[in-house]
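Hi there,

Here is the structure I promised to pass on to you. Have a look at it first, and then read on for my notes.

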Amino acid sequence: KMLETMLKILKSIRNSFLVLILFTSTALAVGKPSSKYDGAYTYSDYCRGSKNSNAYDGSQFIIQNGIVKNDRGGAGRWTIDEKRSKVDEKGKIYIKGERRGNKSIITGNLNNDEKKYSVYQFKRKVGGKSQYYGDKQYGNLKMKRKYKGDSDYVPCVINFKRIGDVPKKVVSKDDRKVTEITINSKNTNDDITLLNNDGKNQKVRVELRNLESITKGLIIVVPSSTPNMDDELYYEKQVSKHGYATAIVYGAEPRYQKKFTGSYTSSMILYDALATIDEVSNQFGKPREVILIGSSTGSLAIFKAGWQDLRNKYSSLNLITKGFMINAACPDMSEVKYSDKIQMYAINGQQDESTPPWVCKNLKDSSNNPNLYLLTYSGGHHFESRMYPPSKYDVESMHALPTCSLNYKSNLHQIIKKRDGTKEWDGEKQGYKQDQKKWFGKNCIDKGTLQGYEEYGAKQFWADVKSIIVDKKDAKSLKGYTQ
């Protein structure tokens, strides 16, 4: 037995040594890093026998000075070995990294045709053996991936698509003191769970600034639908000029898995906000008023802050006097009783096809809410954020509202309806568990929208924010006011 054990150890060392040689030789086959292929790249990947592998996570590979990185946008789960990952002047590329703990090696040449490599995406057992079938999936680069728990790599293909230049980050000096606290929140999967104060406990990180102004008020910046907080940091910088304390809630950090999967919901975002109000009030004093600001899924959470049933349940929500729903993900209809103590601003780009302004118009017309104001500005999705490059059509940007409508009954239960009238999911009857998330993904998700920074619209919007918070102007006088 001792001899067998020794032989196994030696075999393991030999295999590890061979793998090391293979990886090292492949990396050395790529020459000196070159800036010739610098830019931002989206991707799609397929692994043999893994039907769920093509799950674009919203992140981009960034090649800068020939070095390959990942911006960790969207799901943001790629970790790249930047010391080894590079592209040479001939287009040869080598990337070593992992996504969600699954080790991955990417090789090939960026000049390859997209059908250079292929794998069968599906597999089934036939006579006790795996048989691969279906249409082949193609890619211009090779990849191999070792899934957690597996001993061997599986072959994959991956397509890189250049979508633009290396993004320019807006960096400004900020010497303000940052105070970090931890709030005790909950994983409230849906609005009924939120109303009942159910869900597993969840600790969430919050950054506070301008605490010397806490008695005047607190502006809470909530996340959108991903852990990438570049936009939220930019929002905080814009509103911090107005004499309020600010909080940035990092609620997606411990929860997020993939966009539109239900791992991170608007109900969780709202619970994080009320937990932030409670913790800040306990530690630093009660603010005179609270203002919420956030984008996309965060905007839906902000809308719910006006639901009277929730304000009756959680007294801290009654401190919220204003909500800025940027890239507003409005429901088409809400029968829930709405508080008259909160002003709600639904903000959209006029050309936005991801969170279209006409959806918020549907909400305004159906709810007859006098404190819901529609603001629209020149541009598309994320027109307001300098964290994005100038506007362009993004074919990979996922959305749902053009395909399906969100509707809320008076008892807070949600109905999702396909806009063609063929199907619907009634949460009160069918529940809010994983089946709903799968139905939503299958029936509602589509891609493509105009997206990016639009300077003219952005300047008008941020000027309107100042007019509301500082100058207390009437909504009808705002530059973006829309009936």
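A search of the whole structure, which is a predicted model, turns up 17 salt bridges.

In one, the side chains of Glu236 and Arg176 come together, with N to O at 2.8 Å. This pair links distant parts of the chain, 60 residues apart: Glu236 belongs to helix H3 (residues 230-239), while Arg176 sits in the loop between strand E11 (154-164) and strand E12 (179-186). Glu236 is buried, its relative accessible area being 2%, whereas Arg176 is partly exposed at 23%.

Another salt bridge joins Lys322 and Glu289, whose closest N and O atoms are 3.5 Å apart. Lys322 is part of strand E17 (residues 320-326) and Glu289 of the loop between helix H4 (266-284) and strand E16 (290-295), so this pair ties together parts that lie 33 residues apart in sequence. Here both partners, Lys322 and Glu289, are buried.

Asp420 and Lys418 also meet through their side chains, at 3.9 Å from N to O. Lys418 has 18% relative accessibility and counts as buried, because the cut-off is under 20%. There is a network as well: Glu180, Arg205, Glu207, Arg209 and Glu253 are joined into one by salt bridges that share partners.

Next, a sheet to look at. Four strands make up an open sheet in the order E18-E22-E23-E24, and their pairing is mixed. E18 and strand E24 (424-426) are at the edges with a single partner strand each, so one side of each has no neighbour in the sheet. Strand E23 (residues 414-418) pairs with E24 in the antiparallel sense, over three bridges, and Ile416 stands opposite Trp425 in E24. Helix H9 (residues 434-444) packs on this sheet, where it touches strand E22 (404-408), E23 and E24; the direction of H9 makes about 25° with that of E23.

Finally, helix H7 (residues 357-367). Which of its residues are buried? They are Pro357, Val359, Cys360 and Leu363. Viewed down the axis of H7, these buried residues fall within an arc of 155°, so they line one face of the helix. What do they pack against? The buried residues of H7 have helix H5 (297-304), strand E18 (333-334), strand E19 (343-349) and strand E20 (372-377) as packing partners. After H7 comes Asn368, with a positive phi near 55°.

Methods
Residues are numbered from 1 along each chain as its sequence is written. This is a predicted model: local features need pLDDT of at least 70, side-chain atom pairs count only at pLDDT 80 or more; totals for chains, interfaces and linings use all residues. Side-chain values use heavy atoms; hydrogens and water are left out. Buried means under 20% relative accessible area, exposed over 50%, partly exposed in between (1.4 Å probe, protein chains only). Helices (H or I, at least four residues) and strands (E, at least two) are DSSP runs, numbered from the N terminus. The arc is that of the directions from the helix axis to the C-beta atoms. Contact means heavy atoms within 4.5 Å. A salt bridge is a side-chain nitrogen of Lys or Arg within 4 Å of a carboxyl oxygen of Asp or Glu. Two strands pair if DSSP finds at least two bridges between them. Axes are lines fitted to C-alpha atoms, for helices over the stretch in contact, and angles run from 0 to 180 degrees between N-to-C directions.
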